[in-house]
Number of protein chains: 2
Amino acid sequence: MTTSLRSTLDFLLYDWLQAESLTARERFTDHSRETFDAVLDTCERIAREKYAPFNRTVDVQEPHFDGEKVILPQCTYDARQAFADSGMLSAAQDYELGGMQLPYVVESAAGSFFGCASISIGSNLLTTGNANAILVHGTPMQQQVFAANEFNGRWAGTMCLSEPQAGSSLSDIATRAVPDVESAAAADGMVPWDQDALGPRYRLRGNKMWISSGDHELTENIVHLVLAKIPGPDGKLVPGVKGISLFIVPKKLVDIKGNLTGERNDVALAGLNHKLGWRGTTNTLLNFGEGKYPVRAEQGGGLDGHGAGAIGYLVGKPGEGLKCMFHMMNEARISIGMAATMLGLAGYYASLDYAKTRLQGRPIGEAGKDASAPQVRLIEHADVKRMLLAQKSYGEGALALNLYCARLVDEGRTGNAEAAAQARLLLEVLTPIAKSWPSEFCLEANSLAIQIHGGYGYTRDFPVEQYWRDNRLNMIHEGTHGIQAADLLGRKVVMQGGAGLKLLASTIGATIALARQRPELSAYADQLAQALHDVTAATQAAWSTGNANEALANAVPYMQAFGHMVLAWMWLDVAHSVLARDASLSIAANAGRLSAARYFFRYELPKIGAWLGVVATRDATCAAMAEDAF
Amino acid sequence: MTTSLRSTLDFLLYDWLQAESLTARERFTDHSRETFDAVLDTCERIAREKYAPFNRTVDVQEPHFDGEKVILPQCTYDARQAFADSGMLSAAQDYELGGMQLPYVVESAAGSFFGCASISIGSNLLTTGNANAILVHGTPMQQQVFAANEFNGRWAGTMCLSEPQAGSSLSDIATRAVPDVESAAAADGMVPWDQDALGPRYRLRGNKMWISSGDHELTENIVHLVLAKIPGPDGKLVPGVKGISLFIVPKKLVDIKGNLTGERNDVALAGLNHKLGWRGTTNTLLNFGEGKYPVRAEQGGGLDGHGAGAIGYLVGKPGEGLKCMFHMMNEARISIGMAATMLGLAGYYASLDYAKTRLQGRPIGEAGKDASAPQVRLIEHADVKRMLLAQKSYGEGALALNLYCARLVDEGRTGNAEAAAQARLLLEVLTPIAKSWPSEFCLEANSLAIQIHGGYGYTRDFPVEQYWRDNRLNMIHEGTHGIQAADLLGRKVVMQGGAGLKLLASTIGATIALARQRPELSAYADQLAQALHDVTAATQAAWSTGNANEALANAVPYMQAFGHMVLAWMWLDVAHSVLARDASLSIAANAGRLSAARYFFRYELPKIGAWLGVVATRDATCAAMAEDAF
């Protein structure tokens, strides 16, 4: 399995994306193909030794709460420790932060081994994302105390956005944050709220839902990044997203040197969510300020049975919380896409292994007429090959897209001004696809992996049913499919007068122009040009009445078509890359990539017609459906 | 939930399929709308009281083996008892067998309540199918002893076909059956093997895999119907399906009065399969004749540590076992399609309820700009409506198809000679679709039901994740998707010179002709006519080289397109039926059916182009893929 993945990564990273050329840039000047490979080697090894053998263990030994602590299996501790020891938590950070200034695209590629081995053990993404947000928006002291201790592995981080009544609709969060004026007034030894070295000190009360890694004993402390609303002068919460601010709320209170003070903050585990999959990662409902762990001023008495609130330190400016959070959204969404992709590939590798060894049935036609001949292997049946090739085209295509996006992140950070601006714009447009497409089609890949296993695939004795369950989450978290689609058609393709879509079109156009020069690819190039034309036309038709309700009524089919067009582009570009170099790769692997590209153009791209049809006509069948007619 | 289902069933059964007209036939002359309704009422009540409340219970309290017995939760016993007491096990049978001579279409409709309430509690399908096979192929004594005691609920039945090494490839089964000559020779009181009143007596040895309800204590006895091979004169098994015979192998031995003799037959539970879903039903690996429960002659000593074999009675003629089994295949496959359908509808009803109450987000555009206004319900969002309407069109469309097929069963049994022959032919062609289409698209419906629930849908606190897991089995058992597709394109549409396909085309053509007369439907009629033309042309193109390998390389995409065409036909026929009568139904329900039909023609039917493209061109991308290129 890891052999196939490694050779695919090597091709995409070095041959296709030419990651080595990044070493010419100042930030990466100490790096080389050798240092990149060393990182890949390390991650491959840790994933093989500490993650893969325990994927079923963490599914079966689901987290539970003993009344005091969350209990996780030992393998989760070991995996986390090995990951933190590897330095990957801060791989992309500056040297002065203890990082290795690794390009994000290499970090992403290296991280893919963990996703393939066990998506649900690894929850380090949120810690890195949390620390990154503090790096960008926090004070130097917040960076030093909180971000640094997350990067070095001492503490873990969470993102606390959703609430039971506010999932997709973040503007409706009800967690309140009020300045902690009482603590100092109570003369309990705390400095006034607006003079705290860790940042303006608030008291938070509310409930946060779906918090991954919201409570555990894997690390000494947990740094919650919490969205909450500061009431206006009238004591009321400001409606909408403008009222939202961002706070650091540590599970255990700390001093400015990063030492635990010995006091627990008033953040209480209210419940563990029992999920369909992805069970290795705790997912929690957290209560902030319910008075379970009173913090100092509580002796003064909480209101209505509650504590005075959990202590939180404001990050950035009041009212700009969502903006701060969104800073890390692109990377988080690419990471979800990558998670979905790696589950898809994990299922592909498992079903490929199975198909190569399992004997069942005989060839079609004359060759199979001799019932006394031994059975053939599954992989000798055309329909099984079809299911394998579909998985390959989905999984490797999605991997190409996610790495391409990761490369854009690097360009946005280290390219020259114009290239960087273009990369950021292109990434904006591609992000909903990088997140949604693998979530949908690599889930479908996992279903095909089950199908190849037949009845065995439906049992828990084989890994594929777990991949399928784990993958079902990815269309939901970090913005549902519907949210991604509304973002794509409602914002990304129309923003700045459609500049993003135009940039994408010209970028795709460059691939088309190259591919047209190769006879093997010219028909596909034409097909992609037509698809690009159709998507562009549908975009215009959707918005032709200027009515957002009409335009967005079929946003998801639009996103599906858009995604298939993007993936066709990826495959065409990959195929061109294969043909353009005398490969250092084996011929078989190249033939496989060309076949996967061909599969995508023959079997998949033609699907966009049905999806675009309803978009272009602004079909109102669904939107106009009366509620009582369901 | 059951209100919606009942009104849908009433419409399909009475208004659309005109089931009442069956009461004019001799077999059903005692029946009336009232007796049909009484059966529906009873099943609806039992499903509501004894099945629905326990669907999660049987998922969580999975069957386990204590070393002696299979342990199931009490609710499974209660549900089974209520079902048996209702008389539904023999509802369609003759009066003289204790049956009620109910039309199969009414039995199917009534049975749908159980599927919707808890698919995994109910495993009665196999008992009825087992008894039906004995009725047709068994001796009068076998019918009286075995079938009768299954119909009356005393005993349960199984179908033992697959083996660990032979799933889809039944011709490779290795279970051996040899005439039981030794028992009488050992003078242990048994009559000679060929004079046993229960049928020619054999000794069976082998392993049977995936046996649903293979062991349990729900009933006094279990009647296994087992496929096995009788060795030839050279002691070798005959290769291929011709060597397969059918045997009755009771778990506990019985006499000719149907009393237990007190001896256990040598059928041993070798293991329970631990499944992804459908956990209420035990699924087993059974060992026949391993010597765990020696039967009489074993004192003479088994060979190589085994017993002399499990006692089995031949059903029908030697070598015709598969033919006997296939007798019940059509009904079994319709039943799987119905199971998939009801899971799809269960998810639809659950997500519809949720969408009507859950508040989340605000309208698109101006109406949603006021962030201080309360959130709206999910069902007010166009994308949620889209996901609901998709589920409705999949689930209700599949229900229509399955009931239509059940009605064909009745016609095949009670119609005049010509009509009966036509019905049987049409059913042959439609069976792979009735089984495969709901298995694929009602699974997709379940995924949409999860999606509507957001994060909550991914937890085990809501029922939808279980529906999705349960439904994943249906593309696998009773012939996988690949097997169905090969059956459709390789056999059903070409047999008898394509007579089945021609009959289907003319039947669809009749609907098209009717629909063209209604302005509301004429465009859809044209669209369906085009689809029928495209499917027919693709069929011819696939077979144009006469090479089965080329024709069948894309059998699954062919089946998907064929299925969508059939479903479009169902919806057009239903829509026509709605418009053709002044409904006794509420206007909203009719509007809903018309919208679901419209959805299917606008959003779904256009998908067939992509599927048919590879069929018509006999695309070899998958089939030609070299193994080392994966």
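Residues are numbered from 1 along each chain as its sequence is written, while chains are lettered from A and ligands numbered from 1 in the order in which they are written. Because the model is predicted, local features need pLDDT of at least 70 and side-chain atom pairs count only at pLDDT 80 or more, whereas totals for chains, interfaces and linings use all residues; side-chain values use heavy atoms, with hydrogens and water left out.

Chain A contains 20 helices and 12 strands, where helices (H or I, at least four residues) and strands (E, at least two) are DSSP runs numbered from the N terminus. Its radius of gyration, taken over C-alpha atoms, is 26 Å, close to the 25 Å that the globule rule (2.2 Å times the number of residues to the power 0.38) gives for 630 residues, so chain A is as compact as a globular protein of that length. Along the principal axes, the C-alpha atoms of chain A fill a box of roughly 90 × 60 × 55 Å. Of the 630 residues in chain A, 62% are buried, a term that means under 20% relative accessible area, with exposed meaning over 50% and partly exposed in between (1.4 Å probe, protein chains only). When contacts (heavy atoms within 4.5 Å) are considered between residues of chain A at least 6 apart in sequence, 74% of them join residues at least 24 apart. The 56 positive and 66 negative charges of chain A have mean positions 2 Å apart, with Lys and Arg counted as positive, Asp and Glu as negative, and His and the chain ends not counted. The place of each charge is taken as NZ of Lys, CZ of Arg, CG of Asp or CD of Glu.

In chain B, helix α6 (residues 124–137) has 14 residues that should span 20 Å at 1.5 Å a residue, and its end C-alpha atoms are 20 Å apart, which agrees; the expected span is 1.5 Å times one less than the number of residues. Helix α6(B) is mostly covered, with 11 of its 14 residues buried, among them B:Asn124, B:Leu126, B:Gly129, B:Ile134 and B:Leu135. The same helix α6 is included in the cover over the buried residues of α7(B), together with β3 (155–160), β6 (221–229), β7 (244–250), β8 (252–254) and β12 (310–315) of chain B. In helix α7 (residues 140–151) of chain B, the buried residues are B:Gln142, B:Val145, B:Phe146, B:Ala147, B:Asn149, B:Glu150 and B:Phe151, and the helix is followed by B:Gly153, whose phi is positive, near 90 degrees.

Helix α20 (residues 608–616) of chain B has B:Ile608, B:Ala610, B:Trp611, B:Leu612, B:Val614 and B:Val615 as its buried residues. The cover over these residues includes elements of both chains, namely α19 (587–604) of chain A and α12 (417–453), α16 (522–543), α18 (555–580) and α19 (587–604) of chain B. After α20(B) comes B:Arg618, with a positive phi near 45 degrees.

Among individual residues of chain A, A:Val429 lies in helix α12 (residues 417–453) and is buried, with a relative accessible area of 0%. Leaving aside neighbours within four places in sequence, A:Val429 is in contact with residues including A:Leu488, A:Met495, A:Leu504 and A:Phe562. A:Arg6, in helix α1 (residues 2–16) of chain A, is likewise buried, at 12% relative accessible area, and, not counting residues up to four places away in sequence, touches A:Asp37, A:Leu40, A:Asp41, A:Glu44 and A:Phe113.

The loop between β5 (201–212) and β6 (221–229) of chain A holds A:Gly214, which is buried with a relative accessible area of 2%. Beyond residues up to four places away in sequence, A:Gly214 touches A:Thr158, A:Ile222, A:His224, A:Thr282, A:Thr284 and A:Leu286. A:Ser213 lies in the loop between β5 and β6 of chain A and is buried, at 7% relative accessible area. Most residues other than glycine have a negative phi, whereas phi of A:Ser213 is positive, near 55 degrees. Phi of B:Gln496 is also positive, near 50 degrees; B:Gln496 is placed in helix α15 (residues 495–516) of chain B and, at 57% relative accessibility, counts as exposed.
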